[in-house]
Amino acid sequence: MLLIPGAAAPHPEQLLPDARAVGHDGEILLLYPADSPAVRAATHAQDDELPAVLELTDVAPVAVPHRIRGHARVSGWLTPVHGVAEPGHMMLRLEVGELYVDDLWGSGPVSPEDFAGAVPDPLRAHETELLQHLAAAHDDRLLSLTSLLGERAGAGAPEVRQVVPLALDRFGLRVRVVCAGAERRVFDARFDFPEPVREVHGLRRALHALFEAAARDEDAGRR
């Protein structure tokens, strides 16, 4: 959602862009209907710098306890970009001034330079489908990953009720473990791949190796 001081919207969804992308210089490009409050505010500002804040929420694509994976807040200056959007729409450019991220990996500021130089994860377009497939068709394999937890499971080795895939990137798989019992303890576990994967075929090999290692450890534990 884009927040602009003084720009009121009768309905909050009017401040949600139809599409967004990151430009070559690290600017954020936001597509809005031409009659949206955001476009009107940016157009009326003309040559003046219009401050704005873009708030983003990352929600896990599978049903899992505590489903929000992260928040980001980007502050900067908004200007219209004429002549690049389809009729009836307007592209807005948000020049990044400050950026703060709070997610599964930690929290803290990100410099505009680091943001502009960041490389998109090669699995970003596939993560939703892959996590949903793992959750729907491979719950037994996900449960077997608990054999690799070791001391991460905590004292007393509580019985695990469910293992849900939470996040996936080129470096590894993160799952959310739900324990049985009245307290329903929940914790996350991260399984790193031996090396970063570059595409979906490499990911399949990495996941296969991970599940095979879990199966071997599980078999060894029964002996």
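## Salt bridges across the chain

A search of the whole structure, which is a predicted model, finds 8 salt bridges. Let's visit some of them in turn.

One of them pairs D58 with R69, whose closest N and O atoms are 3.0 Å apart. This pair ties together distant parts of the chain, since D58 sits in strand 4 (residues 50–59) and R69 in strand 5 (residues 68–81), 11 residues apart. The two partners also belong to a network of salt bridges that includes E127.

R69 has a relative accessible area of 9%, which is why it counts as buried.

## A bridge between two loops

Next, look for D121 and R170, whose side chains meet in a salt bridge of 2.9 Å, N to O. Here too the pair links distant parts of the chain, 49 residues apart. D121 lies in the loop between helix 2 (112–117) and helix 3 (127–137), while R170 lies in the loop between strand 8 (160–169) and strand 9 (172–179).

D121 counts as buried because its relative accessibility is 15%, under the 20% cut-off. R170 has 21% relative accessibility and therefore counts as partly exposed.

## Strands 9 and 10

R176 and D188 form another salt bridge, with their closest N and O atoms 2.6 Å apart. R176 is in strand 9 and D188 in strand 10, and the two are 12 residues apart. With a relative accessible area of 6%, R176 is buried, whereas D188, at 29%, is partly exposed.

Strand 10 (residues 186–192) also holds R190. Which side chains does R190 contact? The side chain of R190 is joined to that of D169 by a polar contact of 2.9 Å, and it makes a polar contact of 3.2 Å with the side chain of D192. R190 counts as buried because its relative accessibility is 19%.

Finally, turn to the start of the chain. M1 is found in the segment before strand 1 (2–3), and its relative accessibility of 31% is why it counts as partly exposed. Together with L3 and L16, M1 forms a nonpolar patch on the surface. The three residues share about 210 Å² of accessible area.

Key. Residues are numbered from 1 along each chain as its sequence is written. This is a predicted model: local features need pLDDT of at least 70, side-chain atom pairs count only at pLDDT 80 or more; totals for chains, interfaces and linings use all residues. Side-chain values use heavy atoms; hydrogens and water are left out. Patches are made of residues with over 30% relative accessible area and no salt bridge: like charges are joined within 9 Å, nonpolar side chains (Val, Leu, Ile, Met, Phe, Trp, Tyr) within 5 Å. Accessible areas come from the Shrake-Rupley method with a 1.4 Å probe; for residues, only the protein chains shown count as cover. A salt bridge is a side-chain nitrogen of Lys or Arg within 4 Å of a carboxyl oxygen of Asp or Glu. Helices (H or I, at least four residues) and strands (E, at least two) are DSSP runs, numbered from the N terminus. Buried means under 20% relative accessible area, exposed over 50%, partly exposed in between (1.4 Å probe, protein chains only). A polar contact is a pair of N or O atoms within 3.5 Å; within protein, one must be able to donate a hydrogen and the other to accept it, and residues adjacent in sequence count only if both atoms are side-chain atoms.
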